[in-house]
Amino acid sequence: MSPGRHRMRSNIHAAGAAAAVGVLVVTAGGYFGYRQLAGPDCSGRIELSVAVASELAPAVDTAASEWEKEGAAVGGTCIEVNVTAAEPVEVAATVAAKHGAILAGVGQASGTAVSPDVWIPDSSTWLLRLKTGGATAFDPGNGASIARSPVVVAMPEPIAARIGWPEKKITWASLVGQVNSSKPLKAGIVNPTRDAAGLSGLLSLTTAAAAAGKDAQASRVGALRALATGSSNLRQDLLAKFPTAADPTTIARSLNAAALSEEDVVSYNAKKPAVPLAALYLEPAAMPLDYPYAVLPGIEPAKASAARVLFEVLTTPGFKDRLAPLSLRAPDGNWGAGFSAPPGAPSPEAAGASAQQAGGGNAAGDLDPQAVDTAVTGWSVATQSGRMLCVIDVSGSMKEAVATANGASRQQVTVDAASRGLNLFDDSWQIGLWEFATNLNGERDYRRLVEIGPLSTQRGKLEQALGQIQPTRGNTGLFDTILAAYQAVQEDWDPGQVNSIVLFTDGKNEDANGISQQELLKKLKDISDPERPVQVVLIGIGRDVSKAELESITKITGGGSFVTEDPTKISEIFLKAIALRKAGA
């Protein structure tokens with residue numbers, strides 16, 4: 001049997017299991033009626049697979065072993081529980097594929113993980129992202145935690161001491177200031193699209209940056225890019241960037257700060273590094289890792305019933321003593337016997353109060369899904385480059401006023417969204433700009449405003465061109481424009497980038513002299529090349545857009561189509577579209 005995997009046999013009756021079909025998350029209390037002591041004899045067997053975040057897996061495995069020894073059973077059915085240590089991002093990718101969800105930055109399932117019956121990731125944000133990504137059966141708000149670990153800022157002790165640790169209380173706002181200063185802290189992060197502690201830190205940091213008044217946008221973008229320079233996809237890789245020697249030069253050149261879990265810091269220091277890490281508990285407290293117990297949708301009734309009993313085993317008062325040697329806390333923020341709290345850690349009472357403020361049963365219960373979505377997409381856009389042609393509709397209907405935008409026109413709202421996105425892109429991006437209607441340039445429906453080129457040399461030119469875009473009297477020459485844009489991007493295709501088109505439109509194709517939908521689809525099929533892919537992202541604005549028309553195009557090209565009746569939403573849709581474009585590349 002491979003390490004980290006435990007097989008056990010126990011007994012449980014399937015009575016009442018029908019009521020458990022479709023249950024995603026188990027909530028605390030109410031399940032002791034399922035468990036009775038019984039004799040060793042049983043008939044039949046149910047295998048229950050449980051995937052657990054690696055740092056928590058030993059405690060779950062040991063508890064499951066003892067559950068078997070106690071002979072927990074009801075009726076005559078044996079239960080075999082397979083506990084597997086699994087990285088949450090790998091399980092998330094597998095579960096997303098199974099339930100038709102799209103998670104920005106996660107990518108395709110690697111094949112190393114399987115969709116379990118019970119999943120205990122390190123954070124409820126995974127369940128929240130699955131829900132908002134399209135897996136409608138998921139309900140993260142009801143997930144009950146079985147453990148907890150605060151998210152802290154890890155910092156080499158000599159650097160932490162300079163800023164007043166452990167006596168001084170430090171805020172996220174002050175950290176933003178230090179990251180963006182003329183002599184900045186060398187900050188890093190585990191890719192927040194793939195790591196829950198990284199996402200928690202990013203949420204806290206960007207929230208603090210957003211409070212910077214008129215400098216909020218610059219503060220946020222500066223913080224994102226500062227973090228990106230020291231980012232890693234794996235937690236262990238990030239930890240390796242901290243100083244490996246205590247001399248001032250090594251400390252100065254190494255990673256100075258990163259959002260990690262309390263458990264990460266304690267485990268790192270247990271190895272007696274040359275420079276220990278301090279755990280800084282910044283204010284306001286970051287969303288902790290909360291280890292929700294999730295029974296995945298669609299498992300058979302008997303397994304769902306068995307999962308409820310296993311939940312009881314993992315929420316007994318003594319379970320926190322199993323967590324303590326692993327440097328993990330109980331769900332209420334308190335800790336068991338043998339827990340070694342880092343210097344500056346809040347008292348158990350304060351930790352318990354903080355846990356209640358963060359949602360009590362789980363940390364994502366009161367979290368705004370849009371805040372998570374914005375953080376993830378903002379990170380993807382700000383930190384990963386691409387090659388993109390932006391195409392904006394300038395037909396007459398773009399003059400229409402938007403009631404939710406204080407009377408600004410569709411054109412103004414669209415240009416504003418494109419300008420905001422441009423501010424997030426760093427200089428490694430290659431961007432071009434077209435506008436389109438009908439007969440905009442002689443018989444041609446589109447006009448090339450700025451050819452695709454590096455932002456490092458033409459950011460000002462793009463900003464000027466965006467500022468001069470105005471609606472015309474023309475109609476929507478959609479099909480001719482899409483074909484021409486596709487051919488243009490494909491012609492100078494860059495193998496080192498994700499090559500894409502992002503097109504904004506507020507209507508269906510209205511060009512009597514142009515190609516038909518059938519002709520467009522045939523031509524795209526003929527010229528598309530899997531060795532030179534061009535992804536097309538179509539963003540429809542208003543009630544006159546045909547989603548079916550847009551989807552027929554992106555089914556061939558790849559990318560995606562997004563339609564909103566509220567033009568004020570296109571800024572967030574634009575960023576989400578860019579992030580998903582990169583995830584699917």
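A pocket is an open set of grid points, on a 1 Å grid over the protein atoms alone, with protein on both sides within 12 Å along at least five of seven lines. In this predicted model, the second largest pocket holds about 610 Å³ of space. Its lining is made up of 24 residues, and those closest to the centre of the pocket are Glu-55, Glu-87, Arg-235, Gln-236 and Asp-264. Three elements each contribute two or more residues to this lining: helix H2 (88-99), helix H8 (235-239) and helix H10 (262-270). Of these, H10 gives the most, with four residues. Sorted by class, the lining of the second largest pocket comprises 10 nonpolar, 10 charged and four polar residues.

Two of the residues closest to the pocket centre, Arg-235 and Asp-264, also pair with each other. Side chains of opposite charge can pair when their charged atoms come close. Here, Arg-235 and Asp-264 form a salt bridge in which the closest N and O atoms are 3.0 Å apart. Arg-235 belongs to helix H8 and Asp-264 to helix H10, so that this pair, 29 residues apart, links distant parts of the chain. The structure as a whole holds 15 salt bridges.

Attention now turns to a helix pair. Helix H3 (residues 125-132) packs against helix H14 (residues 369-383) at an angle of about 90°, and their axes are 10 Å apart. Angles of 65 to 115 degrees count as roughly perpendicular, and H3 and H14 are therefore roughly perpendicular to each other. On the H3 side, the contact is made by Leu-128, Arg-129 and Thr-132, while H14 supplies Pro-369, Val-372 and Val-376. The residues of this contact comprise four nonpolar, one polar and one charged.

A few backbone features also deserve a look. Most residues other than glycine have a negative phi, and most peptide bonds are trans. Against that background, the peptide bond from Trp-165 to Pro-166 is cis, with omega near 0°. Pro-166 sits in the loop between helix H4 (157-162) and helix H5 (172-179). Glu-283 and Pro-284 are likewise joined by a cis peptide bond, with omega of about -10°. The loop that holds Pro-284 runs between strand E11 (277-280) and strand E12 (292-295). Lys-272, a residue other than glycine, has a positive phi, near 55°. This lysine, Lys-272, is found in the loop between H10 and E11.

Methods: Residues are numbered from 1 along each chain as its sequence is written. This is a predicted model: local features need pLDDT of at least 70, side-chain atom pairs count only at pLDDT 80 or more; totals for chains, interfaces and linings use all residues. Side-chain values use heavy atoms; hydrogens and water are left out. On a 1 Å grid over the protein atoms alone, a cavity is a set of points where a 1.4 Å probe fits but cannot get out, and a pocket is an open set with protein on both sides within 12 Å along at least five of seven lines; lining residues have an atom within 4 Å of a point. Grid points are joined across faces, edges and corners, and a volume is the space filled by probe spheres set on the points. Ala, Val, Leu, Ile, Met, Phe, Trp, Tyr, Cys and Pro count as nonpolar, Asp, Glu, Lys and Arg as charged, and the others, Gly among them, as polar. Axes are lines fitted to C-alpha atoms, for helices over the stretch in contact, and angles run from 0 to 180 degrees between N-to-C directions. Angles under 35 degrees count as roughly parallel, over 145 as roughly antiparallel, 65 to 115 as roughly perpendicular and the rest as oblique. Contact means heavy atoms within 4.5 Å. A salt bridge is a side-chain nitrogen of Lys or Arg within 4 Å of a carboxyl oxygen of Asp or Glu.
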